Structure formats: C-alpha cells, structure tokens
Amino acid sequence: MINIPEKKRALVKQLLKELGVTIDKKAIVKSTKPKPHVPNALTAKTIEDARKGIGVGKPITNIKDYLNSL
C-alpha cells in the first residue's frame with residue numbers, strides 16, 4: 001500500500017494516467033491504519049525459541065571464523 005498525501009494525489013493520478021497505469025478501484029483501501037504483521041507458525045516458534053535461548057549459540061566475535069565454520 002502506498003500512502004499519498006492529499007495535496008499530491010492529483011499530481012500522482014495525472015502521472016499514472018500519462019504512464020498508462022490503471023488502478024483496480026476495488027483494491028484501493030481508504031484506511032491509513034497498517035495491518036499488524038503476524039508471523040507464520042514456524043517463524044513464531046523460531047522467535048519463541050530464540051527468546052528462550054534455544055538453538056542460540058555463542059556470539060559471533062570473528063566473522064571470518066564464523067563463515068569458515070559454516
């Protein structure tokens with residue numbers, strides 16, 4: 001979604017018209033309130049485990065050593 005300031009909407013509409021861009025009127029959302037991001041189950045589990053320290057190794061202190069360990 002793109003939020004366009006009220007003062008610039010006419011300019012953006014004209015530009016899009018000149019470029020031949022069409023907009024599906026049904027897809028336009030009037031709300032400016034963004035939807036909250038909800039992670040999928042795997043991501044949520046990974047975040048939960050990381051917060052508990054599960055699967056988290058020691059901190060990376062040397063990037064070359066870390067990359068060589070992969």
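Q: How many helices and strands are in the chain?
A: Helices (H or I, at least four residues) and strands (E, at least two) are DSSP runs, numbered from the N terminus. From that end the elements run α-α-α. The count is three helices and zero strands.

This is a predicted model: local features need pLDDT of at least 70, side-chain atom pairs count only at pLDDT 80 or more, and totals for chains, interfaces and linings use all residues. Residues are numbered from 1 along each chain as its sequence is written, and side-chain values use heavy atoms, with hydrogens and water left out.

Q: Is Asp49 buried or exposed?
A: Buried means under 20% relative accessible area, exposed over 50%, and partly exposed in between (1.4 Å probe, protein chains only). Asp49 has 16% relative accessibility, so Asp49 counts as buried.

Q: Which side chain meets Asp49 in a salt bridge?
A: A salt bridge is a side-chain nitrogen of Lys or Arg within 4 Å of a carboxyl oxygen of Asp or Glu. The N to O distance is 2.8 Å, and the partner is Lys45.

Q: Which residue forms a salt bridge with Glu6?
A: Side chains of opposite charge can pair when their charged atoms come close. Glu6 is exposed at 59% relative accessibility. The closest N and O atoms are 2.7 Å apart, and the partner is Arg9.

Q: What is the N to O distance in the salt bridge of Glu48 and Lys52?
A: Both residues lie in helix H2, four residues apart. Glu48 is partly exposed at 39%, whereas Lys52 is exposed at 58%. The distance is 3.0 Å.
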